[in-house]
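Colleague: I would like to learn how to read helices and their packing in a model. Could we work through one chain together?

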Amino acid sequence: MRRRAGPLNLIPMLLALAATLASGLAISQPAAYPHKPVRVLVGLVPGGNPDVLARLIAAKLSNEFGHQFIVENRPGMSSGVAADVVAKAPPDGHAIFIGDSGIVTTNPHLYKSLPYDPFRDLAPVSLAVVVPMWLVVHPSLPARSVKELLALAKSHKEPMLYASSGNGSIHHITMEAFKAATRIDMTHVPYRGAGQSVPAMLAGEVMVAFLGYPAMSGAIKTGRPRVLAFSMAKRSTLTPEVPTVAETVAPGFDMAAPLGVFAAGGTRREIVMRLSQAVNEVIRAPDVLARMAAIGMEPVGLTPEQYERNLREEHERLGTLIRRIGMRLD
C-alpha cells in the first residue's frame, strides 16, 4: 500500500523546490550595472570640447560606479563613426557616446544615408552642456571687427580659407550659416577636431574659424588668434568685451554646440535613467562647474525624455537651416 508523505518527508522536497526557484530567479535577474569597464566613444581627436567633456564625465563616473569609463576617440563622418560603434553595441550601457547632438540633429540632413538610425539605434541619456564659439582670425589679417572682416572677404580675389573640426561639425555649420547671413564667400578646410584646427590657424594655414574656448583659451589671451565676435545671442561672461555676431552684422544669429550622452537603442530604461542621473549630478558638482565655467561650457542636464524632445525640435530647426544653405556631404 502506498504511504502518504508526512510533514517530515515534505521538508527535503520543499527545500529542493526553493533552491530551484531561487536559482531560476537569480538567472532571470539582470546583472548589476555596470559589471565591467564602460567604453566612452568620442567622435573627434583629443583636445576639443567633446573630448574635454568626455574625460571630465568619465573620471567622475568611474568613481561613482566603481568601474572604469574609458574614453576612445573615433573621429570621422561628423562623429558618426563613434556614434555607429555605440548604435551597434549590445544595449547594456557598456558603450556610450559623448559628443555633439549633431549625430541625431544634423547628420541625417547632411548624409544621404547613415549606418545607424538616429532615433531608433541611439538612446538619449542627457544633454549635458552647450558650448558657444568665438569667431577668430589669424593675426596677419588686418581685420579688427566683424565688419572689417566682411569688407576684407568681399575684396579678396580668392576666397579666404576657414577651418572647422570636420565636415558637418557645428563649427562647419555655424560658419556656413554665417556666410549665408552675411553674403560672403570662404573656402572650407576640415580638420579632425580643434586639436588640429587651432595649430593650423596659428601656423597660418587658414585665416578664419569659429572655435570653442577650451581649444583656444591660451591663444585668446595672447591675441593669437584675434577674437572678433561671439556666436550666441548674448555676450559671454568669459569675454564680455567681445560683441556677438547678432548685434554686429546678423540679427538673430545664435549658434552653440550641444554636447550630450547617448547609449545604444534598446538599453533598459533603468540603466538609461541611472546614467542620466549620474551625468546630471556630475555636471553640477562644484569642481566640475568651476572647470566648465573656466572653459566656456554651460551646464544643462536634461532627462532622457526632455533630451529626446529637444533632439526632435533641433532636428527640424537645423534641417531647415541646412536645406536653406544647400549643405550636403555626399
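This is a predicted model: local features need pLDDT of at least 70, side-chain atom pairs count only at pLDDT 80 or more; totals for chains, interfaces and linings use all residues.

Colleague: How should I read the span of a helix, taking H2 as the case?

Modeller: Set the distance from first to last C-alpha beside the span expected at 1.5 Å a residue. H2 has 17 residues and reaches 24 Å, close to the 24 Å expected. H7, residues 170–182, has 13 residues and reaches 18 Å, close to the expected 18 Å.

Colleague: How many residues of H2 are buried, and how many of H7?

Modeller: The general idea starts from the turn. An α-helix has 3.6 residues a turn, so residues three or four places apart point the same way. Buried here means under 20% relative accessible area. H2 is mostly covered, with 12 of its 17 residues buried, including Leu-53, Ile-57, Leu-61 and Phe-65. In H7, 11 of the 13 residues are buried, so H7 is largely enclosed by the rest of the structure. Among the buried residues of H7 are His-171, His-172, Glu-176 and Lys-179.

Colleague: At what angle do the axes of H2 and H11 cross?

Modeller: For a helix pair, read the angle, the hand and then the residues. The axes of H2 (residues 49–65) and H11 (residues 269–282) come within 10 Å and cross at roughly 120°. The two helices are therefore oblique to each other. H2 passes H11 in a right-handed crossing. On the H2 side, the contact uses Ile-57, Lys-60, Leu-61, Glu-64 and Phe-65, which meet Arg-274, Leu-275, Ala-278, Val-279 and Val-282 of H11. By class, the residues of this contact are 7 nonpolar, no polar and 3 charged.

Colleague: Is the crossing of H7 and H13 left-handed or right-handed?

Modeller: H7 passes H13 in a left-handed crossing. The contact is made by Ile-173, Glu-176, Ala-177 and Ala-180 of H7 with Leu-321, Ile-322, Arg-324 and Ile-325 of H13. The contact of H7 with H13 has 6 nonpolar, no polar and 2 charged residues. The axes come within 10 Å and cross at roughly 55°, and H7 and H13 are therefore oblique to each other.

Colleague: Now single residues. Is Val-272 buried or exposed?

Modeller: Start with the accessible area, then list the contacts beyond the sequence neighbours. Val-272 lies in H11 and is buried, with a relative accessible area of 8%. Not counting residues up to four places away in sequence, Val-272 touches Ala-123, Pro-124, Val-125, Thr-267 and Pro-304. The C-alpha atoms of Val-272 and Ser-126 are separated by 9.1 Å, although the two residues are 146 apart along the chain.

Colleague: Where is Ser-197, and which residues is Ser-197 in contact with?

Modeller: Ser-197 has its place in H8, residues 194–202. Ser-197 is buried, with a relative accessible area of 1%. Leaving aside neighbours within four places in sequence, Ser-197 is in contact with Ala-163, Ser-164, Ser-165, Tyr-191 and Leu-211.

Conventions. Residues are numbered from 1 along each chain as its sequence is written. Side-chain values use heavy atoms; hydrogens and water are left out. Helices (H or I, at least four residues) and strands (E, at least two) are DSSP runs, numbered from the N terminus. The expected span of a helix is 1.5 Å times one less than its number of residues. Buried means under 20% relative accessible area, exposed over 50%, partly exposed in between (1.4 Å probe, protein chains only). Axes are lines fitted to C-alpha atoms, for helices over the stretch in contact, and angles run from 0 to 180 degrees between N-to-C directions. Angles under 35 degrees count as roughly parallel, over 145 as roughly antiparallel, 65 to 115 as roughly perpendicular and the rest as oblique. A crossing is left-handed if the near helix is turned anticlockwise from the far one by less than a right angle, and right-handed if clockwise. Contact means heavy atoms within 4.5 Å. Ala, Val, Leu, Ile, Met, Phe, Trp, Tyr, Cys and Pro count as nonpolar, Asp, Glu, Lys and Arg as charged, and the others, Gly among them, as polar.
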